[in-house]
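Welcome, and please open the model in your viewer. We will go from stop to stop, selecting a few residues each time and saying what is there.

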Amino acid sequence: MQAIILGQGNPYLKNPYLAKLSKVLDSAQVPYEFWIWSRDKQARDLPKVRVLLSFGSWGGGAVNALGYALWVLWLTVRVFAQPRAGVYFCSRLDAALPCALVSCVRRCRYVFLDRDKLSKSYAWPAPVKRGIELLERFVGRRAALHVVPGDSRTQGNDSDNVRVVRNTPHTDTIARARALVAAQPPRDRRLRVLISGLISPERGARMMREAIEACAGRIDFVGAGRLLGDDAQRLAELLGERYRGIVSNEEALAMLLGADVVLAFYDPALEINRLAEPNKWFDCAALEIPFFTNPGLFTSAPFEQRHACFLADYGDGAQLARELLRIDADRSLLDARRAGLRQLRYEAWDTAMARVIAECAELKS
């Protein structure tokens with residue numbers, strides 16, 4: 001079996017999901033290649049990476065809307081020309097739709113890595129949302145396998161090709177992260193709080209920025225990840241050299257291991273956030289690092305029921321600051337959350353994905 005991984009961005013820095021997938025393919029001795037849309041021109045000359053489109057940026061707007069159209073169109077042409085080049089592993093709907101279209105007229109095997117539901121990611125007008133949902137069902141049904149990150153995403157799927165692979169870390173990445181932590185210099189006694197991943201208006205950038213200002217140096221905040229919006233930019237300025245920018249998956253996990261608590265907020269006004277199955281939650285579960293999230297998310301119920309997370313109302317930076325200072329004064333609160341996390345036994349991501357790849361290898365070409 002040959003694997004072709006379709007997606008956006010530098011797979012070694014901007015896309016930890018694809019980096020994890022490549023490690024599992026390596027372990028299974030399956031040859032692979034990335035076909036990507038580079039939105040920041042940082043992915044050229046990377047090993048096993050073929051840049052199909054270099055256009056746009058990581059913001060929004062008309063330029064990137066045009067980029068999506070060009071990416072889907074060009075990818076459709078490329079897949080149509082090579083429908084049996086291998087099994088296509090498609091990261092999100094924009095990468096899977098071309099394969100689904102080609103499969104209607106030519107034999108084309110693909111795995112739909114349905115990481116985010118586009119239909120639930122924005123407040124679409126009702127007719128647009130219904131149209132996107134029809135596309136999602138069409139793409140999911142035609143896929144050889146349809147991989148989703150949790151049980152919340154299986155609802156409405158009437159096909160027997162759905163497989164759940166939770167967003168836990170790769171075991172090799174954990175080992176590398178632990179080695180990086182061991183080499184770090186000693187830290188001070190302040191509570192260390194990690195802000196990482198996509199830092200944006202829909203993921204609590206304003207409340208986290210307000211909490212940093214309110215704590216006034218009494219809490220050791222560190223950060224890494226992509227910045228979207230004025231609050232995220234101001235947050236990075238407040239952190240100064242303690243904001244590390246975009247880092248590798250191993251470095252991100254090492255920062256998590258070095259933290260006392262992690263912030264992971266999701267605006268519950270967005271349907272996709274209410275159904276979130278975030279990497280950070282499952283990274284924290286695997287490594288037993290307590291985290292903050294907010295009420296109003298359906299998928300946080302297992303963590304809340306086991307008292308495995310802290311809660312702060314979405315948008316309330318003052319409340320978040322008070323809670324962090326309370327934890328700083330009473331570290332036993334962290335121990336209680338770690339005990340809750342130990343009750344959640346999720347298998348490693350590579351174990352679950354290895355089953356998917358083995359199943360793909362058994363499919364008739």
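**Stop one: a pair of helices**

Select α7 and α8, whose axes come within 8 Å and cross at roughly 30 degrees; axes here are lines fitted to C-alpha atoms, for helices over the stretch in contact, with angles running from 0 to 180 degrees between N-to-C directions. That makes α7 roughly parallel to α8, a label for angles under 35 degrees, while over 145 is roughly antiparallel, 65 to 115 roughly perpendicular and the rest oblique. Helices (H or I, at least four residues) and strands (E, at least two) are DSSP runs, numbered from the N terminus.

Before moving on, note that this is a predicted model, in which local features need pLDDT of at least 70 and side-chain atom pairs count only at pLDDT 80 or more, while totals for chains, interfaces and linings use all residues. Residues are numbered from 1 along each chain as its sequence is written, and side-chain values use heavy atoms, leaving out hydrogens and water.

Now show the side chains of the contact (heavy atoms within 4.5 Å). From α7 come A205, R206, M208, R209, I212 and E213, and from α8 come D231, A232, R234, L235, L238 and L239.

**Stop two: the largest core**

Next, select M208, F221, L263, F292, L320 and L324, which touch the most other members of the largest nonpolar core, a group of 30 residues. Such a core is a set of buried Ala, Val, Leu, Ile, Met, Phe, Trp, Tyr and Cys residues joined through side-chain atoms within 4.5 Å. Buried means under 20% relative accessible area, exposed over 50% and partly exposed in between, with a 1.4 Å probe and protein chains only. Helix α7 gives the largest share of this core, 6 residues.

Which residues is L324 in contact with, leaving aside its neighbours within four places in sequence? They are L191, V193, I219, F221, V261 and F292. Apart from this core lies another one of 29 residues, including A254, L257, V262 and A276.

**Stop three: α9 and α11**

Select residues 249–257 for helix α9 and 279–287 for helix α11; they pack at an angle of about 60 degrees, with axes 11 Å apart. That makes α9 oblique to α11. Here L253, L256 and L257 of α9 meet D283, C284 and L287 of α11.

**Last stop: N273**

Finally, pick N273, in helix α10 (residues 271–274). Is N273 buried or exposed? N273 is buried, with a relative accessible area of 7%. Setting aside neighbours within four places in sequence, N273 is in contact with E202, Y266, D267 and L297.
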